[in-house]
Amino acid sequence: MPSSGNSHKVRLLFRKLGIEYRHVAAEYGSGVTTRPEFLRKNPHGRVPLVEWDDGRILSESNAILFHFGDGTKFTPSDPFLRSKMLEWMFWEQNSHEASVAVRAAILNYAHREAERRTEVLDPLFDAGQRNLARMNAQLETTPFLVGDDITLADICLYPYTATAESRGGFDLSEMQAVITWLARVEADPGHVALEWLPERSQNGPGSG
Ligand SMILES: N[C@@H](CCC(=O)N[C@@H](CS)C(=O)NCC(=O)O)C(=O)O
């Protein structure tokens, strides 16, 4: 999904690792994720989803990151640091994405317009600010989330943090460590912006 931070995570890692793939767009409005043939691949009806030529299928952005990133420079070899990386990735899904990404989705996707109400948006703002502050506190002590080197945790938390202000209406002005970290992640080789799509890219069926 070109507009999705969860999909951006996968585009980022694949680009960094030089993994070749055919990209199939499944933007909201294309109907791709609600088609029976897609629901057979992922009954949850969500992207990103990776399909191998032999028919294997893997969904959940962070499972995809771990599958392709395990054993590369993006996973620490130390078992404890590896688990700390996973701690951030589980937290991302449970807390960060559930506030920062959800508020951005409500504000940006037309089909979520009915949710643009104070009683929905304000608690998401408060939770999101707290979660961004938690990242800031960590990044005041280490350059990347798990220490001195970039890991899957940074790739995982980059997309929705990078668009937290522009799409989610959050305020990073007091979070200098997060701002510096965003630039540090962007400087890592192979970085691509949310809008970037690979050359071998096609629209999903029926998406125009
Ligand atoms: N936990 C999942 C969340 C995936 C997800 O929510 N995907 C959204 C886009 S960000 C989606 O596919 N929406 C399509 C739909 O709801 O029809 C992951 O990390 O991959």
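Predicted model: local features only at pLDDT ≥ 70, side-chain atom pairs only at ≥ 80, totals over all residues.
Trainee: Which polar side-chain atom lies 3.2 Å from an oxygen atom of the ligand?

Mentor: That atom belongs to Arg 46. A nitrogen atom of the ligand, in turn, is 2.9 Å from an N or O atom in the side chain of Tyr 28.

Trainee: Which residues around the ligand come nearest?

Mentor: There are 13 residues around the ligand, and those that come nearest are Thr 33, Val 47, Glu 60, Ser 61 and Gln 93.

Trainee: Which members of the largest nonpolar core touch the most other members?

Mentor: A nonpolar core joins buried residues through side-chain atoms within 4.5 Å. Here the largest has 40 residues, and Met 135 and Trp 181 touch the most other members. Helices α1, α3, α4, α5, α6 and α7 each supply at least two of its residues, with the largest share, 7 residues, coming from α6.

Trainee: Why does this core lie between domain 1 and domain 2?

Mentor: It lies between them because domain 1 (5–71 + 193–203) and domain 2 (79–187) both give residues to it.

Trainee: Beyond four places in sequence, what is Trp 181 in contact with?

Mentor: Its contacts include Met 135, Leu 139, Phe 144, Leu 157 and Tyr 158. Another core, of 7 residues, lies apart from the largest one; Met 1, Ala 26, Val 32 and Ala 105 are among its members.

Technical notes. Residues numbered from 1 in each chain as written. Heavy atoms only, no water. Buried < 20%, exposed > 50% of the residue type's maximum accessible area, 1.4 Å probe, protein only. Helix = DSSP H or I, 4+ residues; strand = E, 2+ residues; numbered from the N terminus. Domains from an automatic or database assignment. Contact = heavy atoms within 4.5 Å. Near = heavy atom within 4 Å. Polar contact = N/O pair within 3.5 Å; in protein donor to acceptor, adjacent residues only side chain to side chain.
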